[in-house]
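Here is a walk through one protein chain, taken step by step. Keep the model open beside the text and find each residue as it comes up.

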Amino acid sequence: MSEKNNKNYIQEKLKEKHFEAKIVRRIVFTVFVILMLALTGIIGGGYFYIKNALQPVNEEDTKTEKVEIPIGSSPTSIGRILEENGIINNGKIFRYYAKFKNESGFMAGEYELSPSMNLDEIIGHLKEGKVQQEAIFQITIPEGRQLEQIAVILENRMDLSEKEFLETANDKEFLEKMREKYPNVISDEMFDEDVKYALEGYLFPATYPFYVENPTAEEVIDTMLQKTDEILQDDEVRIGMGNMDLTPHKLLTMASLIEAEATMQTDRESISSVFYNRLDVGMPLQTDPTVLYALGEHKERTLYEHLEVDSPYNTYKNQGLPPGPIANAGLSSIQAALNPAETEYYYFLATPDGEVLFNETLEEHNIDKNEHITSQDNG
């Protein structure tokens with residue numbers, strides 16, 4: 001190849017490389033622009049979504065609506081109530097906004113609010129408000145009570161018969177209405193054919209104020225389910241259920257077993273660990289309160305003959321959790337179900353004086369049983 005031809009060849013190659021580099025730069029630039037536009041779109045979409053949620057629903061609509069905020073309502077439930085009444089655009093954004101601004105101290109009461117108000121105005125009203133109506137009466141549901149026991153409590157305190165309450169608690173049509181209102185509480189698991197009462201374990205133990213003289217069974221149950229919904233929607237509880245791979249139904253079922261067995265607060269996490277340890281190795285839970293629940297009657301002691309009862313709730317005959325809760329657990333038992341102690345315990349024994357003894361082996365458990373139970377019977 002002559003020197004002239006060689007130079008032409010080199011020049012042509014340089015032109016090709018220059019052209020290729022130019023094409024690559026254009027491609028890179030185009031990709032970069034597309035990515036930036038996409039990112040801007042995502043950021044912009046999120047910005048406008050939040051901005052819209054923070055704006056009044058309708059600045060020109062100054063007509064007020066009566067909105068009742070029950071006693072004990074959390075920012076989550078307040079946000080939901082305001083959204084359902086058309087006062088704000090988004091209940092979740094309200095909760096995050098209140099948390100971001102460190103707003104608290106919201107007061108219960110009946111408020112006159114309008115869709116023209118912004119979040120700061122609404123928060124101001126809720127912080128300055130006063131309860132405009134005193135409760136006519138209050139009913140306390142203690143921890144560990146079963147649905148039938150709650151029915152008796154209500155019958156003794158108000159004009160609501162035990163039969164009417166239990167019929168309402170088992171009414172499929174009513175429960176479907178409650179499912180629509182509380183989708184995070186009411187689930188298909190509650191309607192399993194083996195479940196004795198769908199709402200067993202779902203009426204959170206608390207003191208409930210009522211503002212009408214004779215609330216209906218529907219109103220009473222709705223009020224209690226709202227409290228259960230608040231408990232289950234708490235961030236700590238939701239995260240705990242995710243970590244433990246528990247549905248609300250399984251959580252309330254486990255919590256009810258802990259509630260039925262525990263005598264002191266300090267025992268609950270250890271009792272919880274025994275149940276989870278047994279589940280992990282395929283042992284039956286063998287907890288007496290499930291047998292008594294299956295029998296449908298209270299007994300001072302569970303005898304061997306009782307352990308033969310044919311029921312899906314009998315955890316001596318069936319492995320795993322029972323079909324549903326056996327009582328209404330309090331918050332401490334729910335927390336214990338989400339945070340079991342780290343132990344190697346597989347056995348525990350409640351002594352007649354209320355102490356709970358924990359053991360790792362059946363041999364140790366039987367020694368304690370002979371010492372604290374059998375010896376007392378012989379004495």
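The paragraphs below go from confidence to cores, then to helices, salt bridges and aromatic rings.

The mean pLDDT of the protein is 83. Of its residues, 79% reach 70 or more. One stretch calls for care: over residues 375-379, pLDDT stays under 50. For that stretch the model has 3 contacts beyond four places in sequence. Where pLDDT is low, the predicted coordinates should not be read in detail.

Now look inside. The largest nonpolar core has 62 residues. Leu 154, Phe 165, Leu 199, Leu 225 and Leu 251 have the most contacts inside this core. Helix H8 gives the core its largest share, 7 residues. A second core stands separate, with 18 residues. Among them are Val 67, Ile 88, Phe 106 and Ile 123.

Is Thr 228 buried or exposed? Thr 228 counts as buried, because its relative accessibility is 3%, and the cut-off for buried is under 20%. Beyond its neighbours within four places in sequence, Thr 228 is in contact with Val 185, Tyr 202, Leu 203 and Phe 204.

Helix H10 is another element to trace. H10 runs over residues 248-261 and has 14 residues. From its first C-alpha to its last, H10 reaches 20 Å, close to the 20 Å expected at 1.5 Å a residue. H10 is mostly covered, with 11 of its 14 residues buried. The buried ones include Leu 251, Leu 252, Met 254, Leu 257 and Ile 258. His 249, Thr 253, Ser 256, Glu 259 and Glu 261 are also on the buried list.

Next come the charged pairs. How many salt bridges does a search of the whole structure find? The search finds 9. In one of them, Lys 181 pairs with Asp 222, with the closest N and O atoms 2.9 Å apart. This pair links distant parts of the chain. Lys 181 is in helix H7 (residues 172-181) and Asp 222 is in helix H8, 41 residues apart. Lys 181 is partly exposed, with a relative accessible area of 38%. Asp 222 counts as buried, at 16%.

Arg 179 also takes part in a salt bridge, with Asp 188, at 3.0 Å from N to O. Arg 179 is partly exposed, at 24% relative accessible area. Asp 188 is exposed, at 57%.

Another pair sits within one helix. Asp 235 forms a salt bridge with Arg 238, the closest N and O atoms being 2.6 Å apart. Both lie in helix H9 (residues 235-244), and they are separated by about one helical turn because they are 3 residues apart. An α-helix has 3.6 residues a turn, so residues three or four places apart point the same way. Asp 235 is partly exposed, at 26%. Arg 238 is partly exposed as well, at 36%. Elsewhere, a network of salt bridges links Arg 80, Glu 84 and Asp 229.

Finish with the rings. A search of the whole structure finds 6 aromatic pairs. Phe 94 and Phe 106 form a tilted pair, 6.2 Å centre to centre with 40° between the planes. Phe 94 lies in helix H3 (residues 91-100), while Phe 106 lies in the loop between H3 and strand S2 (109-113), so the pair ties together parts that are 12 residues apart in sequence. Phe 94 is buried, at 0% relative accessible area. Phe 106 counts as buried, at 17%.

Tyr 293 and Tyr 313 have ring centres 4.9 Å apart and planes at 55°, so this pair is tilted. Tyr 293 is in helix H12 (residues 288-295), and Tyr 313 is in the loop between H12 and helix H13 (331-338). Both tyrosines, Tyr 293 and Tyr 313, are buried. Last, Phe 275, Tyr 345, Phe 348 and Phe 358 form one aromatic cluster.

Key: Residues numbered from 1 in each chain as written. Predicted model: local features only at pLDDT ≥ 70, side-chain atom pairs only at ≥ 80, totals over all residues. Heavy atoms only, no water. Buried < 20%, exposed > 50% of the residue type's maximum accessible area, 1.4 Å probe, protein only. Contact = heavy atoms within 4.5 Å. Core = buried A, V, L, I, M, F, W, Y, C linked by side-chain atoms within 4.5 Å. Helix = DSSP H or I, 4+ residues; strand = E, 2+ residues; numbered from the N terminus. Salt bridge = Lys/Arg side-chain N within 4 Å of Asp/Glu carboxyl O. pLDDT = per-residue confidence, 0-100. Expected span 1.5 Å × (residues − 1). Phe/Tyr/Trp six-rings, centres within 6.5 Å; stacked < 30°, edge-to-face > 60°.
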